[in-house]
Amino acid sequence: MIDVELRGWHPDDVPVLLDAFSSPDMAQQAAQPIDTHRAALEWMGLWGFRDDAQAFAVVVGGQVVGNVAVSNIDTHDTGWVSYWTSPRARGRGVAVAAARKMAEWAFQERGLFRLELGHRLNNPASCAVATKAGFLVEGIERAKLSYEGVRYDVERHARLATD
């Protein structure tokens, strides 16, 4: 397993965000385009001021290569997990290691009991990350997401503190 460090996002990380969000597959991973210095700082800031969420920069060998987060934390001690890695970091187990480490933090430090995530059915790489990070498949949510007028089914996964 690759060794990853999780840390907060820093203003020095703006170039990493701009590079990551310039990848076509990342364009829809944020509510607004992350294509300027200001937009990258605002993205970091949104994560930094939420009581219901925590995002971590994923660091490998001193370089930021991705993000892992838990958001929408509710009164049932449930949170929603998301992750991404820069194209150059993919296929090396970075997202799996980051998701595992973030889950440990969420259960131990934040006191959550249940973590959920979902991926489009046409994204087998994300499914592999979820499964290898210990998130069990719970079912299909039909036509849950819509991108550019196309509806996508989503496979839901979850991991419990007791798993």
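**Salt bridges in a predicted model**

Helix 2 (residues 37-48) holds both Glu42 and Arg38, which lie four residues apart, about one turn of the helix. Helices here are DSSP runs of H or I of at least four residues, numbered from the N terminus. The structure is a predicted model, in which local features need pLDDT of at least 70 and side-chain atom pairs count only at pLDDT 80 or more, while totals for chains, interfaces and linings use all residues. Residues are numbered from 1 along each chain as its sequence is written, and side-chain values use heavy atoms, with hydrogens and water left out.

Side chains of opposite charge can pair when their charged atoms come close. A salt bridge is taken as a side-chain nitrogen of Lys or Arg within 4 Å of a carboxyl oxygen of Asp or Glu. By this rule there are ten salt bridges. One of them joins the side chains of Glu42 and Arg38, at 2.8 Å from N to O.

The partners can also be described by relative accessible area, with buried meaning under 20%, exposed over 50% and partly exposed in between (1.4 Å probe, protein chains only). Glu42 is partly exposed at 42%, and Arg38 is exposed at 63%.

Asp13 and Arg7 form another salt bridge through their side chains, at 2.8 Å from N to O. Asp13 counts as buried because its relative accessibility is 5%.

Arg50 pairs with Asp52 in a salt bridge whose closest N and O atoms are 2.9 Å apart. Arg50 is partly exposed, at 32%, and Asp52 is partly exposed, at 25%. Elsewhere, salt bridges that share partners join Arg114, Glu116, Glu138, Glu141, Lys144 and Arg156 into one network.

How values were computed. Helices (H or I, at least four residues) and strands (E, at least two) are DSSP runs, numbered from the N terminus.
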